[in-house]
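Keep the picture open while you read.

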Amino acid sequence: MTNNNEHISIPFISDLNENNLDELIRTIEGKGIRQTIDCLDWAKQFPYHPLTTVSLIHTAEKLYIDFFVRSNYLRAVNYKPNSPVYEDSSVGVYLQPSLEKPDYFALMFNCIGTINATCGTPGHKTLLDTDFTDKIYVYASCGNRPFQELEGLFSWNVIVGIPLKEIGIDYSGKPVSIKGNFYKCASGTAQPHFISWRPINTPMPDFDVPESFGNIILL
């Protein structure tokens with residue numbers, strides 16, 4: 001299932017089995033909504049454009065996101081929570097759970113599943129500790145051991161399950177409207193790049209731009 005890039009309506013499913021990876025992937029890919037992360041916002045400075053898609057589905061408890069990437073370089077140096085994973089081959093999601101409040105959650109994951117998690121507003125974000133990050137389900141197809149940059153042709157994915165209540169969303173069976181954006185970046189690789197789902201209008205790479213957030217509906 002695909003959608004346009006003006007907004008995303010994320011399907012609901014009553015239950016997902018995190019303990020059966022094959023079933024989890026089949027369900028997200030088969031019943032979820034898919035989008036392409038392809039806004040090359042700073043094309044002149046950073047023209048490299050690895051193929052990146054995101055598939056989404058949610059239960060009453062969690063939002064599941066399956067990031068898929070095909071790239072020519074792969075790097076995963078950072079392995080400690082809240083280290084600068086955006087330097088590595090990484091993907092991310094920023095979610096503003098309340099349309100009445102400006103605070104948003106900024107979650108970045110490198111290709112071995114290391115999380116960098118913050119919450120707040122531009123210039124005023126706070127790191128979230130393991131009490132938060134340990135509750136996020138993470139599967140990384142590259143494993144969990146760090147490695148220096150590799151060159152070749154790589155296909156990899158990261159699946160995350162974000163507890164809705166931990167980000168301030170109470171889903172009771174009725175559609176919930178939030179805002180957000182999805183990203184692919186790797187500032188420390190031989191081909192640095194910064195790509196987004198919704199376009200960002202800044203002179204240099206900057207994901208902390210709530211004005212760029214698109215509309216997301218949990219059905």
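Let's start with a hairpin: strands β6 and β7 form one, with 4 residues between them. In that turn, Gly113 has a positive phi of about 85 degrees. Keep in mind that this is a predicted model.

**How the hairpin is held together**
- Strands β6 and β7 run antiparallel, and 6 bridges join them.

- Leu95 stands opposite Phe105 in β6, if you want a pair to spot.

**Which way do the β6 side chains point?**
- Tyr104, Ala106, Met108 and Asn110 point one way from the strand.
- Phe105, Leu107 and Phe109 point the other way.
- Whichever way they point, all of these residues are buried.
- Strand β6 is largely enclosed by the rest of the structure, because 7 of its 7 residues (104-110) are buried.

**A closer look at Thr121**
- Thr121 is found in β7, the strand that spans residues 115-121.
- Leaving out residues up to four places away in sequence, Thr121 touches Pro102, Asp103 and Tyr104.
- Thr121 and Asp208 are 87 residues apart in sequence, yet their C-alpha atoms are 7.8 Å apart in space.

**Zooming out to the whole fold**
- The protein has 13 strands and 2 helices.
- Of contacts between residues at least 6 apart in sequence, 66% join residues at least 24 apart.
- What would a compact globule of 219 residues have as its radius of gyration? It would be near 17 Å, and the protein's 16 Å agrees with that.

**Inside, surface and charge**
- Of the protein's 219 residues, 52% count as buried.
- The accessible surface comes to about 10,100 Å², and carbon and sulfur atoms account for 49% of that.
- The protein has 17 positive and 24 negative charges, and the mean positions of these two sets are 2 Å apart.

Notes:
Residues numbered from 1 in each chain as written. Predicted model: local features only at pLDDT ≥ 70, side-chain atom pairs only at ≥ 80, totals over all residues. Heavy atoms only, no water. Rg over C-alpha atoms; globule rule 2.2 N^0.38 Å. Buried < 20%, exposed > 50% of the residue type's maximum accessible area, 1.4 Å probe, protein only. Contact = heavy atoms within 4.5 Å. Areas by Shrake-Rupley, 256 points an atom, 1.4 Å probe, with all protein chains shown as cover. Lys, Arg positive; Asp, Glu negative; His and termini not counted. Charge placed at Lys NZ, Arg CZ, Asp CG, Glu CD. Pairing = 2+ DSSP bridges.
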